[in-house]
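User: Can you walk me through this model? I'd like the fold, then the packing, then the aromatics.
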Amino acid sequence: MSPRITLAVAGRVLTQLRRDPRTVALMLVVPCLLITLLWWMFRDSLGEPFDRFGPALLAVFPFIVMFLVTSVTTLRERSSGTLERLLAMPMGKFDFLGGYALAFGVVATVQATLAVALSVALLGLHISGPVWLLGLVAVADAVLGTALGLFVSAFAQTEFQAVQFMPLFVIPQIILCGLFVPRDAMPTVLEAISNVLPLSYATDAMQHLVRSTTTAEVWRDLAVVAGFAVAALALGAATLRRRTP
(Lines give C-alpha, C1' and ligand atoms only; values in the text may rest on other atoms or scores of the structure.)
Protein backbone atom coordinates (compact mmCIF):
# COMPACT_ATOMS: atom_id res chain seq x y z
CA MET A 1 0.00 0.00 0.00
CA SER A 2 1.50 3.32 -1.12
CA PRO A 3 0.50 6.45 0.86
CA ARG A 4 1.08 8.60 -2.24
CA ILE A 5 -1.30 6.55 -4.38
CA THR A 6 -3.85 6.32 -1.58
CA LEU A 7 -3.86 10.10 -1.19
CA ALA A 8 -4.20 10.49 -4.97
CA VAL A 9 -7.26 8.22 -4.99
CA ALA A 10 -8.75 10.11 -2.05
CA GLY A 11 -8.19 13.42 -3.82
CA ARG A 12 -9.90 12.09 -6.94
CA VAL A 13 -12.94 10.96 -4.93
CA LEU A 14 -13.21 14.28 -3.10
CA THR A 15 -13.03 16.12 -6.44
CA GLN A 16 -15.88 14.00 -7.77
CA LEU A 17 -17.96 14.67 -4.67
CA ARG A 18 -17.37 18.41 -4.95
CA ARG A 19 -18.93 18.27 -8.42
CA ASP A 20 -22.00 16.41 -7.11
CA PRO A 21 -23.86 18.81 -4.77
CA ARG A 22 -26.83 16.45 -4.37
CA THR A 23 -24.62 13.73 -2.90
CA VAL A 24 -22.88 16.24 -0.65
CA ALA A 25 -26.27 17.46 0.58
CA LEU A 26 -27.34 13.86 1.22
CA MET A 27 -24.26 13.20 3.33
CA LEU A 28 -24.07 16.49 5.24
CA VAL A 29 -27.54 18.00 5.40
CA VAL A 30 -29.96 15.06 5.51
CA PRO A 31 -28.71 13.55 8.81
CA CYS A 32 -29.06 16.95 10.49
CA LEU A 33 -32.56 17.39 9.10
CA LEU A 34 -33.65 13.95 10.29
CA ILE A 35 -32.26 14.51 13.78
CA THR A 36 -34.05 17.87 13.94
CA LEU A 37 -37.31 16.30 12.79
CA LEU A 38 -37.20 13.66 15.53
CA TRP A 39 -36.26 16.29 18.14
CA TRP A 40 -39.31 18.28 17.05
CA MET A 41 -41.52 15.19 17.43
CA PHE A 42 -40.37 14.59 21.01
CA ARG A 43 -40.12 18.23 22.10
CA ASP A 44 -43.47 18.35 23.92
CA SER A 45 -43.28 14.84 25.38
CA LEU A 46 -42.99 14.26 29.11
CA GLY A 47 -39.47 13.76 30.41
CA GLU A 48 -36.49 14.14 28.10
CA PRO A 49 -36.97 11.52 25.36
CA PHE A 50 -34.50 13.23 23.03
CA ASP A 51 -31.74 12.53 25.56
CA ARG A 52 -32.69 8.87 25.23
CA PHE A 53 -32.99 8.69 21.44
CA GLY A 54 -30.58 11.45 20.43
CA PRO A 55 -27.32 9.55 21.03
CA ALA A 56 -28.56 6.53 19.09
CA LEU A 57 -29.63 8.79 16.24
CA LEU A 58 -26.11 10.22 16.08
CA ALA A 59 -24.92 6.66 15.53
CA VAL A 60 -27.65 5.46 13.16
CA PHE A 61 -28.07 8.25 10.61
CA PRO A 62 -24.38 8.73 9.65
CA PHE A 63 -24.02 4.96 9.41
CA ILE A 64 -27.00 4.65 7.03
CA VAL A 65 -26.08 7.58 4.81
CA MET A 66 -22.42 6.62 4.43
CA PHE A 67 -23.30 2.97 3.72
CA LEU A 68 -25.73 3.98 1.00
CA VAL A 69 -23.55 6.60 -0.70
CA THR A 70 -20.36 4.52 -0.57
CA SER A 71 -21.91 1.30 -1.89
CA VAL A 72 -23.59 3.06 -4.81
CA THR A 73 -20.54 5.22 -5.66
CA THR A 74 -18.15 2.27 -5.62
CA LEU A 75 -20.49 0.17 -7.72
CA ARG A 76 -20.66 2.99 -10.24
CA GLU A 77 -16.86 2.83 -10.50
CA ARG A 78 -17.08 -0.90 -11.16
CA SER A 79 -19.87 -0.78 -13.74
CA SER A 80 -18.34 2.14 -15.66
CA GLY A 81 -15.00 0.35 -16.05
CA THR A 82 -13.15 2.97 -14.00
CA LEU A 83 -12.15 0.39 -11.41
CA GLU A 84 -10.65 -1.89 -14.05
CA ARG A 85 -8.63 0.97 -15.53
CA LEU A 86 -7.40 2.08 -12.13
CA LEU A 87 -6.33 -1.40 -11.08
CA ALA A 88 -4.49 -1.84 -14.39
CA MET A 89 -2.15 0.86 -13.10
CA PRO A 90 0.56 0.14 -10.50
CA MET A 91 -1.96 0.38 -7.68
CA GLY A 92 -2.95 -2.24 -5.11
CA LYS A 93 -6.43 -3.05 -3.90
CA PHE A 94 -5.73 -1.48 -0.53
CA ASP A 95 -4.65 1.72 -2.29
CA PHE A 96 -8.05 1.91 -3.97
CA LEU A 97 -10.10 1.02 -0.90
CA GLY A 98 -7.87 3.06 1.40
CA GLY A 99 -8.30 6.11 -0.81
CA TYR A 100 -12.07 5.74 -0.80
CA ALA A 101 -12.12 5.16 2.96
CA LEU A 102 -9.93 8.22 3.52
CA ALA A 103 -12.04 10.46 1.28
CA PHE A 104 -15.33 9.41 2.80
CA GLY A 105 -13.68 9.56 6.23
CA VAL A 106 -13.05 13.26 5.65
CA VAL A 107 -16.70 13.70 4.71
CA ALA A 108 -17.72 11.63 7.74
CA THR A 109 -15.72 13.95 9.99
CA VAL A 110 -17.56 17.00 8.65
CA GLN A 111 -20.88 15.17 8.85
CA ALA A 112 -20.32 14.07 12.46
CA THR A 113 -19.14 17.54 13.50
CA LEU A 114 -22.29 19.12 12.10
CA ALA A 115 -24.62 16.53 13.65
CA VAL A 116 -22.99 16.67 17.09
CA ALA A 117 -22.85 20.48 17.11
CA LEU A 118 -26.51 20.66 16.11
CA SER A 119 -27.62 18.12 18.72
CA VAL A 120 -25.65 19.57 21.63
CA ALA A 121 -25.62 23.30 20.91
CA LEU A 122 -29.04 23.84 19.33
CA LEU A 123 -31.26 20.87 20.23
CA GLY A 124 -30.18 20.64 23.86
CA LEU A 125 -28.80 17.10 24.01
CA HIS A 126 -27.32 16.70 27.50
CA ILE A 127 -23.87 15.10 27.54
CA SER A 128 -22.07 14.06 30.72
CA GLY A 129 -18.90 12.95 28.95
CA PRO A 130 -16.66 15.02 26.65
CA VAL A 131 -18.36 16.32 23.52
CA TRP A 132 -15.25 15.72 21.40
CA LEU A 133 -15.42 12.01 22.23
CA LEU A 134 -19.06 11.96 21.17
CA GLY A 135 -17.93 13.38 17.84
CA LEU A 136 -15.16 10.81 17.55
CA VAL A 137 -17.64 7.96 18.02
CA ALA A 138 -19.91 9.51 15.38
CA VAL A 139 -16.97 9.68 12.95
CA ALA A 140 -16.01 6.06 13.64
CA ASP A 141 -19.59 4.98 13.04
CA ALA A 142 -19.75 6.83 9.74
CA VAL A 143 -16.44 5.25 8.69
CA LEU A 144 -17.93 1.86 9.60
CA GLY A 145 -20.81 2.56 7.22
CA THR A 146 -18.26 3.49 4.56
CA ALA A 147 -16.29 0.27 5.07
CA LEU A 148 -19.41 -1.91 4.91
CA GLY A 149 -20.57 -0.05 1.80
CA LEU A 150 -17.24 -0.74 0.10
CA PHE A 151 -17.53 -4.40 1.06
CA VAL A 152 -21.10 -5.05 -0.14
CA SER A 153 -20.53 -3.26 -3.45
CA ALA A 154 -18.52 -6.31 -4.54
CA PHE A 155 -21.67 -8.43 -4.55
CA ALA A 156 -24.00 -6.11 -6.48
CA GLN A 157 -24.37 -5.82 -10.24
CA THR A 158 -26.52 -2.68 -10.29
CA GLU A 159 -27.09 0.32 -8.07
CA PHE A 160 -30.53 -1.03 -7.20
CA GLN A 161 -28.96 -4.25 -5.97
CA ALA A 162 -26.58 -2.23 -3.80
CA VAL A 163 -29.57 -0.55 -2.15
CA GLN A 164 -31.15 -3.98 -1.63
CA PHE A 165 -28.33 -4.89 0.74
CA MET A 166 -29.66 -2.39 3.28
CA PRO A 167 -32.29 -4.81 4.66
CA LEU A 168 -29.53 -7.37 5.23
CA PHE A 169 -26.67 -5.24 6.58
CA VAL A 170 -28.31 -2.09 7.94
CA ILE A 171 -31.91 -2.56 9.10
CA PRO A 172 -31.24 -5.50 11.50
CA GLN A 173 -28.54 -3.42 13.17
CA ILE A 174 -30.93 -0.48 13.58
CA ILE A 175 -33.58 -2.71 15.13
CA LEU A 176 -31.20 -4.48 17.53
CA CYS A 177 -28.78 -1.67 18.45
CA GLY A 178 -30.85 -0.49 21.43
CA LEU A 179 -32.61 2.39 19.69
CA PHE A 180 -36.11 1.07 20.43
CA VAL A 181 -35.57 -1.35 23.35
CA PRO A 182 -32.55 -1.52 25.67
CA ARG A 183 -30.38 -4.42 24.59
CA ASP A 184 -30.38 -6.03 28.03
CA ALA A 185 -34.20 -6.08 27.94
CA MET A 186 -34.34 -8.02 24.66
CA PRO A 187 -35.00 -11.78 24.47
CA THR A 188 -31.81 -13.74 25.05
CA VAL A 189 -31.41 -14.76 21.41
CA LEU A 190 -31.85 -11.21 20.11
CA GLU A 191 -29.44 -9.84 22.71
CA ALA A 192 -26.86 -12.41 21.63
CA ILE A 193 -27.29 -11.35 18.00
CA SER A 194 -26.98 -7.67 18.91
CA ASN A 195 -23.71 -8.45 20.70
CA VAL A 196 -22.05 -9.30 17.37
CA LEU A 197 -23.38 -6.27 15.47
CA PRO A 198 -21.05 -3.24 15.35
CA LEU A 199 -23.79 -0.61 15.45
CA SER A 200 -24.74 -1.88 18.92
CA TYR A 201 -21.34 -0.86 20.26
CA ALA A 202 -21.52 2.58 18.65
CA THR A 203 -24.94 3.13 20.24
CA ASP A 204 -23.69 1.89 23.61
CA ALA A 205 -20.78 4.34 23.45
CA MET A 206 -23.08 7.25 22.61
CA GLN A 207 -25.52 6.44 25.40
CA HIS A 208 -22.74 5.96 27.94
CA LEU A 209 -21.42 9.45 27.17
CA VAL A 210 -24.86 10.83 28.00
CA ARG A 211 -25.12 9.02 31.35
CA SER A 212 -21.56 9.04 32.72
CA THR A 213 -18.35 11.05 32.78
CA THR A 214 -16.16 7.92 32.68
CA THR A 215 -14.76 7.00 29.29
CA ALA A 216 -13.20 3.52 29.68
CA GLU A 217 -16.28 1.73 28.29
CA VAL A 218 -16.53 4.25 25.47
CA TRP A 219 -12.97 3.56 24.34
CA ARG A 220 -13.65 -0.17 24.46
CA ASP A 221 -16.76 0.18 22.30
CA LEU A 222 -14.91 2.53 19.97
CA ALA A 223 -12.17 -0.07 19.52
CA VAL A 224 -14.78 -2.68 18.59
CA VAL A 225 -16.33 -0.37 15.98
CA ALA A 226 -12.90 0.41 14.53
CA GLY A 227 -12.08 -3.31 14.42
CA PHE A 228 -15.23 -4.05 12.45
CA ALA A 229 -14.39 -1.22 10.03
CA VAL A 230 -10.88 -2.57 9.42
CA ALA A 231 -12.24 -6.10 8.96
CA ALA A 232 -14.81 -4.85 6.43
CA LEU A 233 -12.07 -3.07 4.47
CA ALA A 234 -9.94 -6.23 4.48
CA LEU A 235 -12.87 -8.31 3.21
CA GLY A 236 -13.54 -5.65 0.60
CA ALA A 237 -9.95 -5.90 -0.64
CA ALA A 238 -10.26 -9.70 -0.77
CA THR A 239 -13.39 -9.51 -2.93
CA LEU A 240 -12.21 -6.67 -5.17
CA ARG A 241 -11.95 -7.95 -8.73
CA ARG A 242 -9.76 -6.48 -11.44
CA ARG A 243 -12.41 -6.95 -14.07
CA THR A 244 -15.92 -5.69 -14.08
CA PRO A 245 -18.69 -8.23 -14.71
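Analyst: Helices (H or I, at least four residues) and strands (E, at least two) are DSSP runs, numbered from the N terminus. This is a predicted model, in which local features need pLDDT of at least 70, side-chain atom pairs count only at pLDDT 80 or more, and totals for chains, interfaces and linings use all residues. Residues are numbered from 1 along each chain as its sequence is written, and side-chain values use heavy atoms, with hydrogens and water left out.

User: OK, how many helices and strands are in the protein chain?
Analyst: The protein chain has 13 helices and zero strands. Read from the N terminus, its elements run α-α-α-α-α-α-α-α-α-α-α-α-α.

User: What share of the residues counts as buried?
Analyst: 51% of the 245 residues in the protein chain. Buried means under 20% relative accessible area, exposed over 50%, and partly exposed in between (1.4 Å probe, protein chains only).

User: How about contacts, what part joins residues at least 24 apart?
Analyst: Taking contacts between residues at least 6 apart in sequence, 80% join residues at least 24 apart. Contact means heavy atoms within 4.5 Å.

User: On to packing. Which residues touch the most other members of the largest nonpolar core?
Analyst: A nonpolar core is a set of buried Ala, Val, Leu, Ile, Met, Phe, Trp, Tyr and Cys residues joined through side-chain atoms within 4.5 Å. The largest one has 54 residues, and Ile35, Leu58, Val60, Leu179 and Leu199 touch the most other members. At least two residues of this core come from each of H3 (30-42), H4 (49-79), H6 (93-122), H7 (131-152), H12 (198-211) and H13 (216-239).

User: Which helix gives the most to this core?
Analyst: H4, with 13 residues.

User: What is leucine 58 in contact with?
Analyst: Once neighbours within four places in sequence are left aside, leucine 58 contacts Ile35, Ala115, Val116, Ser119, Leu125, Leu134, Ala138 and Met206. There is also a second, separate core of 21 residues, with Val13, Met27, Val69 and Ala108 among its members.

User: Ala115 came up there. Where does alanine 115 lie, and is it buried or exposed?
Analyst: Alanine 115 lies in helix H6 and is buried, at 2% relative accessibility. Not counting residues up to four places away in sequence, alanine 115 touches Cys32, Ile35 and Leu58. Its C-alpha atom is separated by 8.9 Å from that of valine 29, 86 residues apart along the chain.

User: You mention Cys32. How many disulfides?
Analyst: Zero, where a disulfide is a pair of cysteine sulfur atoms within 2.5 Å. Cysteine 32 is buried, with a relative accessible area of 13%, and cysteine 177 is buried at 0%.

User: Aromatics now. How many pairs?
Analyst: Three aromatic pairs. Rings of Phe, Tyr and Trp (its six-membered ring) pair if their centres lie within 6.5 Å; planes under 30 degrees apart count as stacked, over 60 as edge-to-face and the rest as tilted. The rings of tryptophan 132 and tryptophan 219 have centres 6.2 Å apart and planes at 50°, so that pair is tilted.

User: Why does that pair tie together parts apart in sequence?
Analyst: Because tryptophan 132 lies in helix H7 and tryptophan 219 in helix H13, the pair links parts 87 residues apart in sequence. Tryptophan 132 is exposed, with a relative accessible area of 57%, while tryptophan 219 is partly exposed at 40%.

User: Which residues form an aromatic cluster?
Analyst: Phe151, Phe165 and Phe169 form one.

User: What sits over the ring of tyrosine 201?
Analyst: The charged end of arginine 183, 5.8 Å from the ring centre. A charge sits over a ring if NZ of Lys or CZ of Arg is within 6 Å of the ring centre and within 35 degrees of the ring normal.

User: Last one: where is glycine 227?
Analyst: Glycine 227 lies in helix H13 and counts as partly exposed, at 37% relative accessibility.
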